[in-house]
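Student: Could you walk me through how the strands and helices are arranged in this one? I'd like the criteria spelled out as we go.

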Amino acid sequence: MRPIIVKLARMLTDCMDAKTGLVRMDESRWEYKMLDALLTDEQAELMLKMGRRKPTTAAELAKKTGGEEAKIQALLDELADIGLEEYNRHNADRHRQYVVPIFVVGSAENLVLNKKLLEKHPEIAEFFYQMAEEPLKMISHMVPPGGAGLGFHAVPIERAIPKESKSLSIEQLSYWLEKYRDQLSISDCVCRTSMILRGEGCGELPDKGCIQVGDYADYLVETGKAERATYDEVIALLKRSEENGFMHQVTNGDGGEDIFAICNCSVGNCFALRCSQLFNNQNGSASAYRAVVDRDRCVACGKCEEVCPAGAVRLGRKLDSKDGPVVYENEKLASETRGWSKKDWREDYRDRNQINCYPSGTAPCKCACPTHISVQGVLRLVKEGRELDALKLLRQDNPFPPVCASACDRRCEKVCMRGTVDRPMEIGGTMERLAELEERYIDELIPRKVRLKGEDKDYELPVAIVGSGWAQLCCAYFLAQMSYPVTVFGTAELCSEAERRILEKLGVRFAEGEPDRDVFATVYPECFPIKKKDPASQIEEGHEAAKSIHRSLHPGHSLSLARDPRSFRAFRRDDVVLPIEKLKTHDCLSCGVSYVDPNRCIGCGICTTRCFFDAIRLERSHPEFANYCSADDTVKKVVLNGARRAGRIAIKSLTKRTE
């Protein structure tokens with residue numbers, strides 16, 4: 001064991017157990033292993049002399065240590081190239097200063113962005129993973145609102161911020177982009193890169209996914225770790241990320257005066273989100289905003305819950321039970337719960353956050369439909385005369401609406417609560433009438449392409465679809481929407497002429513014969529056999545097969561991790577109080593609704609971008625979460641909040657005993 005590496009690891013670590021000597025810093029620790037693999041004694045000694053987060057120059061170090069300035073400069077440049085040091089110009093005359101950053105957010109990300117080094121040392125991915133988690137294990141329950149300078153925090157999607165909201169300028173991405181307009185860069189996403197190397201990718205690719213600003217952007221560009229970007233390129237990346245369902249976060253260690261990165265994140269990959277989702281304390285991620293649902297407008301289409309990274313939005317029931325209105329239990333708060341420990345954490349947060357429904361269930365029609373069409377939403381849009389929107393919403397789950405009318409057993413109508421009173425809603429007939437309008441709206445119905453990466457480029461992996469049943473056609477549709485070149489070996493006899501043209505405009509080719517197995521990256525349905533026979537179920541299988549094919553075509557991705565289970569639970573039909581007013585006219589009873597758990601919501605606003613009904617919005621209900629501080633004050637802030645937390649809990653416990 002190298003004593004100098006032990007000493008340096010202790011200086012840099014944020015793990016309180018190792019920093020305070022509760023555990024030994026030895027070869028078993030990731031801090032030691034990584035520094036030992038990358039540093040010479042001479043480099044380690046220089047970093048120790050520099051200290052942690054203390055900007056300096058070669059000249060100043062030479063004067064301080066009595067060393068040769070040229071040699072010190074060479075060592076500084078070596079360390080900056082590796083990524084264990086950075087440089088900036090945070091001073092009056094803008095001269096270059098070198099600084100030893102913390103591991104996360106800091107040198108661990110730099111090491112991942114050093115592609116040659118990462119290829120030589122793939123264990124860097126695991127080092128980054130561990131260093132993003134280990135420091136919080138002892139203190140996660142003590143992190144105050146605003147994050148105390150730890151990691152990242154959510155910045156709401158700007159168009160989701162209400163105009164009347166008294167938000168701070170630093171809570172808006174436009175402020176930061178304007179401030180750093182001439183110092184912008186784009187790099188691959190370090191979290192997605194690391195998760196893929198660990199074999200836990202969830203279908204998202206790292207290509208050009210993250211943004212850096214200010215002097216940090218200059219450092220990364222000059223050391224070959226990122227590419228210079230224009231303001232317009234960054235805006236385009238942010239827009240693509242929102243279309244992909246990714247939320248925005250900014251660094252949280254410079255006291256609100258500066259940031260150095262903007263990330264576009266999802267719960268399946270992001271290490272910053274893990275700081276709140278794993279430890280089940282949203283204080284480490286949340287903005288000052290929380291999402292709120294307008295029950296009257298909401299029709300339980302489920303599109304908001306599909307993208308919520310925190311698992312805060314789920315489908316529930318709007319109709320009362322016989323015991324009264326359904327009350328949803330909110331998540332416990334770490335700030336109010338004694339003895340917060342692993343039993344309160346969410347080890348399975350990446351999967352648990354994908355759950356679609358509350359246990360009490362939601363609208364039976366959506367649950368019964370094999371493709372889980374947003375039936376209530378489609379009916380509402382038709383009633384409002386928004387036929388094109390109704391078609392767009394319908395086709396998000398089933399791109400072949402005629403199936404609902406001609407080849408479906410109409411399970412949705414069989415379970416429709418309206419049918420318990422007089423007759424079920426005419427769901428199949430409504431879908432049939434909408435399908436007849438497809439020819440009119442062909443160009444408007446071509447869906448946006450979702451590439452699940454930052455680059456605006458199609459994939460180059462060709463996929464062959466053998467056969468032209470509903471599963472094959474649906475799989476081709478969604479793969480083409482994900483930007484794959486798809487060839488269907490078969491006809492399009494089952495779908496309408498309008499649907500065939502939409503497929504072709506998406507890029508789907510139709511061919512005769514058999515595919516050349518040496519040309520195509522994969523062949524469906526050989527890779528995922530079709531199991532169900534009825535058309536609607538086959539459409540859902542094709543939809544899911546497209547997601548699986550996408551993941552299987554990229555090494556390092558799991559077929560199941562952080563994936564929407566598409567599992568919808570209907571409420572008990574014998575435990576419903578029907579709304580008297582709605583029974584007077586033959587209207588949809590609007591059985592389901594979305595509910596937001598305010599204790600889980602992190603206020604990113606991505607949910608608001610998916611709603612057709614303006615039924616979910618952001619409110620700035622927690623301004624204390626805009627209380628940012630420097631990473632240099634983290635320990636003080638965490639300890640102070642921990643003491644206050646313990647006091648609150650003790651007083652609460654004492655009050656209960658004396659009542």
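Tutor: Let me begin with a definition: two strands pair if DSSP finds at least two bridges between them, and helices (H or I, at least four residues) and strands (E, at least two) are DSSP runs, numbered from the N terminus. This is a predicted model, in which local features need pLDDT of at least 70 and side-chain atom pairs count only at pLDDT 80 or more, while totals for chains, interfaces and linings use all residues. Residues are numbered from 1 along each chain as its sequence is written, and side-chain values use heavy atoms, with hydrogens and water left out.

Student: OK, what order do the strands have in the open sheet of 4 strands?

Tutor: The order is β13-β12-β11-β14, and the pairing is parallel. At the edges are β13 (509-511) and β14 (522-524), each of which pairs on one side only.

Student: And how many bridges join β12 to β13?

Tutor: Strand β12 (residues 486-489) is joined to β13 by 3 bridges, and V488 has F510 in β13 as its bridge partner.

Student: Which strands does helix α24 lie across?

Tutor: Helix α24 (residues 470-481) lies across β11 (463-466), β12, β13 and β14, and runs at about 160° to β11. Axes here are lines fitted to C-alpha atoms, for helices over the stretch in contact, and angles run from 0 to 180 degrees between N-to-C directions; contact means heavy atoms within 4.5 Å.

Student: Now the sheet of 6 strands: parallel or antiparallel?

Tutor: That open sheet has antiparallel pairing, in the order β3-β7-β8-β5-β4-β6, with β3 (152-155) and β6 (227-228) as its edge strands. Within this sheet, β5 (residues 210-213) and β8 (residues 261-265) pair over 3 bridges, and C210 has C263 of β8 as its bridge partner.

Student: What does helix α12 touch there?

Tutor: Helix α12 (residues 214-222) packs on the sheet and touches β4 (184-187), β5 and β6, its direction making about 110° with that of β5. Helix α13 (residues 231-243) lies across β4, β5, β6, β7 (247-251) and β8, at about 45° to β4.

Student: Switching to helix pairs, at what angle do α1 and α4 pack?

Tutor: Helix α1 (residues 3-12) and helix α4 (residues 41-50) pack at about 35°, with their axes 10 Å apart. The contact is made by I4, I5, K7, L8, M11 and L12 of α1, together with D41, A44, E45, M47 and L48 of α4.
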